[in-house]
Amino acid sequence: MNTELELLVTEGPLKGRRFAVPAEGLRLGRSSSCEISIPDPALSRNHCLFEMRDGGLWVTDLASANGTIVNDVQLGPDSQCLQAGDKVLLGDSVIQVVPSGESVAAPASAPAASPVLPKIDLGLGNGDAPSAEASSAGTSWMRLVLWGVALVAVLAAAALILLPVASGPDAAVESIPEGKDELVSFSFEKVKADARTIYRYVLAYDGQTLHVSIDDVPEANRHVKKAVELSADARTRLADILPSKTLAGFAPEYVGTPAEPGALQSFALHVVRSARAFDVSIENKAAPEEFREMCGRLETFAKSELGIWAIQSSVPELLALSADARRVADAKWAERESNYGNLAESLRKYDEALQYLETVDPKPADYEEMRTRRATVNAELDRVYKLHRGNADQAIGTQNWEQARYELHILFELVPDSSDERNKDASRKLQEVEERMKAKR
């Protein structure tokens, strides 16, 4: 393995720092849990990964908002092998690949450029690649700070004009008339990372459309993006999940100690309502119970509206969930003779096991076997349903109401989903049978 290359920061806040890349790799980003932590708003929390593998030094972009530029070319989803002399642009920093111990002359000073504000990482995906001018003449850190201060000052002045004066954390919320505290937008980001992998889940709402983005890199190399326009009813239900009074009760930041070196588990929630904006950031610390419940409801809502089950978990978690669902499905199939409901439950759990694998690639070895078993269960359920449906119709035809009611109850066990047309048909027939039985008395 080639261990003779190092990383030398030639521009940016860490200018002059040199980093050797160990076997487990180095994560670079603005998060304090990264091995190379750079306080640059143009960087994502976990921006890229440098690692030694296959006898060389490789860099992988971790689905960052502003991208990773190698020798003036935007890095795509695949890793790139680096050579001595290569330059990597990350936000306001430039990192040069150098032989171990070799010094590099500082580049000549360039004329001052107009300040270019970075895109802030809201977790909505990779952003556009920076232009050549932005790559070669990035804004200095001090200029970014000054622009940031100016921006905050403008926003603060606007807030004083637009928002009601509040004497306490809940006062602004309580002063908004009933029905006027509407949900404007929100973004929710969940990150789980260690020295090898990054799992990032982002949910965002712009007032009309719900977006989800998942990146599981570099080993799984899994990227999922989907969006759906919400109905008026769905927007109302979403607003109910993020009430101002609950949000106002959270501290803006909770910070703890990582479970192991280089590990990160973080949550970031930004909500804008008519009354005010709320920000909650949690890093390597147990979240308040109400916050966990709120986030759980958000993820359940997203699964329902987007029609994707496999959006809230990493690949190892999805594989484990799928295996658990399959074990239940197999058991229910084996016990199908003892309870009519076991057929329906077996089919439901096979569907669940397959849905967990929807965004996993490559599929596990038993994926096709599960699909075949699911088809077998569905065919058997259809056969048994038709048998008892025929028995029910025959009993109704001979006015054997007790037998008809018995057969119809079996149909309910076979098809318990009330939205299924077969269940609705059985319900109508059962109502008719019970009316006949009542009249007979």
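## Close-up views of a predicted model

View 1. Proline 362 is found in the loop between H8 and H9. This model is predicted, and in it the peptide bond running from aspartate 361 to proline 362 is cis. The omega angle of that bond is near 5 degrees. The helices on either side of this loop are the subject of the next view.

**View 2. Helix H8 packs against helix H9.** Here you can follow H8, which covers residues 341–356, alongside H9, which covers residues 367–397. Their axes are 9 Å apart and the packing angle is about 150 degrees. Because angles over 145 degrees count as roughly antiparallel, H8 is roughly antiparallel to H9. The crossing of the two helices is left-handed. On the H8 side, the contact is made by Leu343, Ser346, Leu347, Tyr350, Asp351, Ala353 and Leu354. On the H9 side, look for residues including Tyr367, Met370, Arg371, Val377, Leu381 and Val384. Sorted by class, the residues of this contact are 10 nonpolar, two polar and five charged.

**View 3. Helix H7 packs against H8.** Now turn to H7, residues 315–334, which packs with H8 at an angle of about 160 degrees. The axes of H7 and H8 are 8 Å apart. H7 and H8 are therefore roughly antiparallel to each other, and H7 passes H8 in a left-handed crossing. Among the H7 residues that make the contact are Leu318, Leu321, Ala325, Val328, Ala329 and Trp333. H8 contributes residues including Asn342, Leu343, Ser346, Tyr350, Ala353 and Tyr356. By class, the contact of H7 with H8 has 10 nonpolar, three polar and six charged residues.

**View 4. Helix H9 meets helix H11.** H11 spans residues 421–440, and its axis comes within 12 Å of the axis of H9. The two axes cross at roughly 20 degrees, so H9 and H11 are roughly parallel to each other. H9 passes H11 in a left-handed crossing. From H9, the contact is made by Asp382, Tyr385, Arg389, Asp393 and Ile396. From H11, the partners are Arg422, Asp425, Lys429 and Val433. The residues of this contact comprise three nonpolar, no polar and six charged.

**View 5. Six strands make an open, antiparallel sheet.** Reading across this sheet, the order is E2-E1-E11-E10-E7-E8, and the pairing is antiparallel. The edge strands are E2 (18–20) and E8 (73–74), each of which pairs on one side only. Zoom in on E1, residues 5–11, and you will see that E1 and E2 pair in the antiparallel sense over three bridges.

**View 6. Seven strands make an open sheet with mixed pairing.** The strands of this sheet come in the order E15-E14-E13-E12-E17-E18-E16, and the pairing is mixed. At the edges are E15 (222–229) and E16 (253–255), each pairing on one side only. On average, neighbouring strands of this sheet are turned by 5 degrees against each other, direction ignored. E16 and E18 (residues 277–283) run parallel and are joined by three bridges. Tyrosine 254 has isoleucine 282 as its bridge partner in E18.

View 7. H4, residues 232–241, lies across E12 (183–193), E13 (198–205) and E17 (264–273). The helix runs at about 65 degrees to E12.

**View 8. Aspartate 54 has a positive phi.** Look for this residue in the loop between E5 (48–53) and E6 (56–61). Aspartate 54 is not a glycine, yet its phi is positive, at about 55 degrees.

View 9. The protein chain averages a pLDDT of 81, and 80% of the residues score at least 70. Over residues 106–178, however, the pLDDT is below 50. Beyond near neighbours in sequence, this stretch has 89 contacts in the model.

Technical notes
Residues numbered from 1 in each chain as written. Predicted model: local features only at pLDDT ≥ 70, side-chain atom pairs only at ≥ 80, totals over all residues. Heavy atoms only, no water. Axes fitted to C-alpha atoms, helices over the stretch in contact; angles between N-to-C directions. Helix = DSSP H or I, 4+ residues; strand = E, 2+ residues; numbered from the N terminus. Parallel < 35°, antiparallel > 145°, perpendicular 65-115°, else oblique. Left-handed = near helix turned anticlockwise from the far one by under 90°. Contact = heavy atoms within 4.5 Å. Nonpolar A, V, L, I, M, F, W, Y, C, P; charged D, E, K, R; others polar. Pairing = 2+ DSSP bridges. pLDDT = per-residue confidence, 0-100.
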